[in-house]
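Thanks for making time this morning. I would like to walk you through one model, going from the whole chain down to a few individual residues.

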Amino acid sequence: MHLVPASKLGELQKFVENIRNICILAHVDHGKTTLADSLVASNGIISQRAVGSLRYLDSRPDEQKRGITMKSSSISLLHCILSSEYLINLIDSPGHVDFSSEVSTAVRLCDGAIIVVDVVEGVCPQTRLALKQAYSENIRPVLVLNKIDRLILEMQLTPIDAHVHLTQILEQVNAVLGECFASDVFEKEEIIDMEKVEKNDSILKEGIYNWTSALDDADDSHLYFTPESGNVVFASAVDGWGFAISTFAKLFSEKLGVKEELLQKVLWGDFYFDSKTKRFMKGAQEKAKKPVFVQLILENLWSMYETIIVRKDKDKVEPMTKKLGINLAPRDLRHKDMKVQLQAIMSQWLPLASSVLNMVCQKLPSPKEICEEKVEKLMCYQTGQFEYLNPSTKKLKNDFLACSSDENRPVIVYISKMFPFDRKHLPENKPKPLTPEELARRKEIARQRHAARQNQVDESNPIVLDSALLDAALTEAELEIEEDDIFIGFARIFSGTLKKGCKLYVLGPKHDPRAFESSDGKVDIDKNLTLSTLSSNQHITTFEVSKLYLLMGRELEELEEIPAGNILGIGGLDDHVLKSATLSSTVFCPSFTEMQVYAVPIVRVAVETQHPSDMPKLVKGLKLLNQADACVQILVQETGEHVLLTAGEVHLERCLEDLSTRYAKVPITVSEPIVPFRETIVETPKIDMVNEEIDDQNVVKQTNSDEKQTKKNTIVMYTSNKQCIIKIKAIPLPQEVTLVLEKNADILKLLNSQAFSTSKLNSQTQMKLVPLDDDFIKLDITPDVDIKDNKHDIESKLEITNLSLKAIESFKSELDAAFKSSGTEWNNAIEEIWSAGPRKCGPNLLLNRIKDFRKSLFDYDLEIIDCVKDSRNDYTSSFVNGFQLATLAGPLCDEPMMGVAFVIKQWTILKADQDEIGIASQPYGPFSGQIMSTVKEGCRKAFQAQPQRIMAAMYTCNINVKPQVLGSTYTVLRRRHGKLLSEEVDRLSSSFKVVAHLPVVESFRLTDELRKQTSGLASLQLVFSHWETIEIDPFWTPSTEMEYVHFGEKADSANRAKRYMDAVRRRKGLHVDDKIVEFAEKQRTLSKNK
């Protein structure tokens, strides 16, 4: 096919029904980019011979070097079916887990997805993740079973065995979709059941329960991949061929004299062809007959490979091509490489691009067919449910569903990421072809210069060139363009038409349309506002569209306007968008929901320049890197060092390369990877280090912790002025409670932001919940003091959605159930929670067990009337802040705490009069500061009074390994303190799938070591899993008889927990108790002096 001009693609953008926005999702090395090359070659952009080797959409040098995709790239393609022309906006996405954030940016903009599965490796971790992402974003997937050539050449399966294997792969993929569907149905059913129970309390009283499941009535017939329905393509992207069932149904319908519709139903499944009756019958497996799929399709493919590749029978190549109606070029017939001949034949007989694009156009929806559920998910920015949006915002749903380009429709655009592009490669900066007049002028100048050189004119009599010609040449000469990058917004238009010159609002993630309900959708915003000048309560800037681009892979084409339903690039947003944003012509449009990111930034490094004078360039480069990468995070620590957070080792290498060569353009120095840890406490151990039970008889040496145990671990603290007494005890939280707190961090943030601002009111304020309507609930404030100026602000802060209250109640009941399941000592803990930390949303709790002082995190659901004056109310924020500081940096190595509860047993202020407290505190500073520091130190000492432990971040390690190097793989894992979870044998590929947990701190350079130890026969993937306690006391010394026997008095064996702790302390500049020489002895010679 000839190259399609950009003007033709621009015309097709107006026909929304014929637009398909799709992305390619798969595990790493399953053939996504090779498939994308085949589709790109169908438009004449690259040669068919370069498919697989060129990797057109991998434009970065490190992508070409590593052979993996690291960023999402989009390209627009034309495809024709009969007389209909379709515009395909294709996005190729990465398959490596470190770049899963790029997958999220691609999925958000698409209506459909091509799931690619390697038929030999089967369903891998990233395949599961891709299917879950597609399901959660409500996009329709189609399936490509790739690398079928490996079944023929590599695995050497028979056609019948290959058919059985393909059936199993298809079942595995459908099983993942079934899991997603079932979990979604159960979640919706649980919400409906909770609402029914709230409305009808008699259900609980009478004990009536409906045991039927919503899964029984749910329709999942449209969900699964079935070849007969046309949403599955069997392919070999590297050989350039692919087919759907309909492809062979058309080929054989005329030869067999059977209707095409009937053939499409029987070509897949348990059908066979009865040669006697000339009919297709069911029960091939039961009657031991060849299925139709094997007989008519697979055997023909196998014979083609066997003839050309295995036997290399050149004499049969030409007759085979004539039977198939294929015209091979003479150079292909003469080619010595039989693989080239096979690719030339198969790509003409069963063209891959035609099969895949036909399936895309026929089975995937257009932008106009966007489902209501997806629209509601995108619009529910904070409320979580569409019903709770304000009326003006609800009306925009019709604009989403219409996907119309009319002038009266509001413009709604979503930018999923900002990607860098070389300024000199922009369409407006490209060299333009010269006109004949310009060529003539340049020729004349060149002729005069050549004549000057030939005549060898001396300086005293120089030849003067025509000044008019010189001026014309200078004005036409290419101007030197800055060699820096600009950022292009990777976006999609959901409504309206985007034109150059139109003005839009850039809506930040905290934009709330309810604040503008009284307006007409238009507000005056300062034109000079940018991201750097926005204040904390401003979330909108204005932007005038100046550059619109059609994305064509490595190139851009400039357009004047782009209608709804298209994927595009928007220039000039550098100062308005950081990572993602929503653009709209009305402020009633909500900010789109955040994208789901499955890769957690866990690997950190500190960066600095080799020359201090280059520091401003590094800071600027870090800002650009933060804007260009959706997953990276930049932190500036208290020490002033700049820390880079990435998702993994490969992601880190890419970011450092970009920082040094593209953004900062200065030589940088990088520290060793910084891995975060957590600090926790455990119950007093009952067995020692040699697995012997600890009792009073075998304990030889009492440790400091044992002495503190006798005092029941309660710490008594006094402020510096001795006017305040605090008793604190630290206890380990049950694991179930810690998991609930981690999972519901957003609810804890909501509680502290909404509850919701009650600490700002006077302690004598009366407060109760008052229902307004079905949508909102407001806290009624009746202050004893006069509140005039800030009354409106207080009411707006205390106005919360009914759904938020339901979410808080659900969290409270879940947390209460976790407490009660952990033992009777936690029965009333839910009412004692004062705060969570660190940052008021962490997995640590402050429990209030003060007898005469009531303060709880869930006090918002009570009618609170504080009529009694208590001086402690004035210092509650200081008390909580001391707890926050303590949990943010523990005593072991200044890392955050996790899974610790601090019980406050007593808090007494001796002098109630503020003046007396002020006089007594005069030498020691403000009394509030004394309480804060005292609580902080008390929490740290209470923590140290318990058995202390370090918690390490853990990866889930998935390894595919050949059986001959399985032992070497286990050796590598054991050396790095990995824990084996499972081991499965893949019968087809005779390889093992090993799943293990591995500490993140031990994972660096694991890929290189594993490759060396296994000679490249093992491949792995690392995904962050959880935090795990290292069951070794960092301060352990022998205390029992068996420990002395086993470890000796010195106990100088390696302590992994202490090694981790000392490394962190050394990096942070803290004191490390590290002795260079211990138990020094005089060296003895081998022989005595005579």
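Predicted model: local features only at pLDDT ≥ 70, side-chain atom pairs only at ≥ 80, totals over all residues.

Residues are numbered from 1 along each chain as its sequence is written, and side-chain values use heavy atoms, with hydrogens and water left out.

The protein chain has 35 helices and 37 strands, where helices (H or I, at least four residues) and strands (E, at least two) are DSSP runs numbered from the N terminus. Of its 1090 residues, 49% count as buried; buried means under 20% relative accessible area, exposed over 50%, and partly exposed in between, with a 1.4 Å probe and protein chains only. Taking contact to mean heavy atoms within 4.5 Å, 75% of the contacts between residues at least 6 apart in sequence join residues at least 24 apart.

Let me turn to helix H35, residues 1056–1068. Its 13 residues reach 19 Å from first C-alpha to last, close to the 18 Å expected at 1.5 Å a residue, the expected span being 1.5 Å times one less than the number of residues. Among the buried residues of H35 are Tyr-1060, Met-1061 and Val-1064, and what covers the buried residues includes strands E24, E34 and E36.

How do H2 and H16 pack against each other? Helix H2 (residues 32–41) and helix H16 (residues 352–363) meet at an angle of about 95 degrees, with their axes 9 Å apart, where axes are lines fitted to C-alpha atoms, for helices over the stretch in contact, and angles run from 0 to 180 degrees between N-to-C directions. The two helices are therefore roughly perpendicular, a label that covers 65 to 115 degrees. Leu-35, Ser-38 and Leu-39 in H2 meet Leu-352, Ala-353, Val-356 and Leu-357 in H16.

Now to the loops, starting with the one between helix H19 and strand E10, where Arg-409 is placed. Arg-409 counts as partly exposed, at 27% relative accessibility, and its side chain makes a polar contact of 2.7 Å with the side chain of Asp-399; a polar contact is a pair of N or O atoms within 3.5 Å, where within protein one must be able to donate a hydrogen and the other to accept it, and residues adjacent in sequence count only if both atoms are side-chain atoms. Cys-403 is in the loop between H19 and E10 as well, and it is buried, with a relative accessible area of 2%, and has a positive phi of about 50 degrees although it is not a glycine.

Ser-1003, in the loop between E36 and helix H33, counts as buried at 4% relative accessibility. A polar atom of the Ser-1003 side chain lies 2.7 Å from the backbone oxygen of Val-1000.

Finally, two backbone details deserve a look. The peptide bond from Gly-837 to Pro-838 is cis, with omega near 0 degrees, and Pro-838 is found in the loop between strands E30 and E31. Asp-29, in the loop between strand E1 and H2, has a positive phi near 65 degrees.

Technical notes: Parallel < 35°, antiparallel > 145°, perpendicular 65-115°, else oblique.
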